[in-house]
Amino acid sequence: MSNDTVVVAGGGGFIGGHLVRDLLSEGRRVRSVDIKPTSDWYQVHNDAENLVLDLRLAEACRQAVAGCADVYNLASDMGGMGFIENNKALCMLSVLINTHMLQEAQNEGVRRFFYSSSACVYAEDKQTDPDNPGLKESDAYPAMPEDGYGWEKLFSERMCRHFREDFGLYTRTARYHNVYGPNGTWDGGREKAPAAISRKVAEAKLSGNHEIEVWGDGEQTRSFMYIDDCVYGTKAIFDSHVLEPINLGSSEMVTINQLVDIVEDIAGIHVERKYDLSAPKGVRGRNSDNTMIQEQLGWEPSTSLREGLEKTYAWIFDQIVALDPTP
Ligand code: NAD
């Protein structure tokens, strides 16, 4: 490996798989690392060095960063609301990944370190109104993040900051707001709303049973960022002078009902919505305030939800058909 190798931790996952592909297309040497066997990776890029390691362990992190220049740390034990509300200890154990990755990156003398934080760091009391004007970076404090997952992200953000301030390690942190697209989690309990709704509508279309379950009353709001914008923004933030955690998300806010409307339209069917008010639903309203990213990078995610969902729905539809090709 040459010393300009870039490491993508969590490269077998959704965002990591897309990032590895993009970095390879730029001619970078890439080492992709994940705990899952490669047969379970969303994308396996044979031009990359693919390693299966448990990055909760310091020794594995040492192996992961050996001889490399840049590190993107995307590895974490995570999922949609259904997963993070019911697996808080598992979510918090991801602190071991970021702690050991930072320590070993520092010991190895890597040039730069990226951390993927989340909109779940934002204080819950700023997200009670469905008509959310957009969360500003300063809204993370006073701290009252999502229990479990959000606390771990907030803590790890601060650890990146202190490694930068105390040890001089170049760190950059993005707060991702819901990312979606092809080659991601679409079933099994860890999927997020765009994939879950796409799957339910595709299954309704294929089965002829047009009733689908919607978590909550469908009036909770979110914004969703298409994967191509996420990859572009991740690299731009990594290369930037932005020292503090910065939002990376779409500002096109919709209700979950509007999300279902769009997917219905793409699928060309009408579904009956059965609302499960006892299901995990997260905060009432969340949107990304993109003032800072516009000021700092002169850019913000711009793929429309309709355009991104068309690609995502088509990919999920194909996955379902591939599993059971009988008409
Ligand atoms: P993902 O679950 O698809 O990818 C994460 C990967 O990390 C998985 O492949 C998983 O196997 C791997 N991993 C978990 N534990 C590991 C360990 N001990 N050692 C090595 N690898 C391990 O998730 P994603 O959507 O690609 O998210 C990537 C990052 O972005 C995560 O840190 C996540 O918290 C953050 N994020 C994602 C979103 C989103 O909407 N997808 C939103 C906010 C933040």
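## Basis of the description

Angles between axes under 35 degrees count as roughly parallel, over 145 as roughly antiparallel, 65 to 115 as roughly perpendicular and the rest as oblique. This is a predicted model, in which local features need pLDDT of at least 70 and side-chain atom pairs count only at pLDDT 80 or more, while totals for chains, interfaces and linings use all residues. Residues are numbered from 1 along each chain as its sequence is written, and side-chain values use heavy atoms, with hydrogens and water left out.

## Helix 7 and helix 11

The axes (lines fitted to C-alpha atoms over the stretch in contact, with angles from 0 to 180 degrees between N-to-C directions) of helix 7 (residues 193-207) and helix 11 (residues 305-323) come within 9 Å and cross at roughly 55°. Helices here are DSSP runs (H or I, at least four residues) numbered from the N terminus. Helix 7 and helix 11 are therefore oblique to each other.

Contact (heavy atoms within 4.5 Å) involves residues including Pro 194 and Ala 195 of helix 7 and Leu 309 and Tyr 313 of helix 11.

## Helix 1 and helix 8

Helix 1 (residues 14-25) packs against helix 8 (residues 227-239) at an angle of about 65°, with their axes 10 Å apart. Helix 1 and helix 8 are therefore roughly perpendicular to each other. Among the residues that meet are Phe 14 and Ile 15 in helix 1 and Ile 227 and Cys 230 in helix 8.

## The ligand

Of the 27 residues around the ligand (a heavy atom within 4 Å), Phe 14, Ile 15, Asp 34, Tyr 149 and Val 179 come nearest. A ligand oxygen atom lies 2.6 Å from an N or O atom in the side chain of Asp 34.

Note on methods. Helices (H or I, at least four residues) and strands (E, at least two) are DSSP runs, numbered from the N terminus. A polar contact is a pair of N or O atoms within 3.5 Å; within protein, one must be able to donate a hydrogen and the other to accept it, and residues adjacent in sequence count only if both atoms are side-chain atoms.
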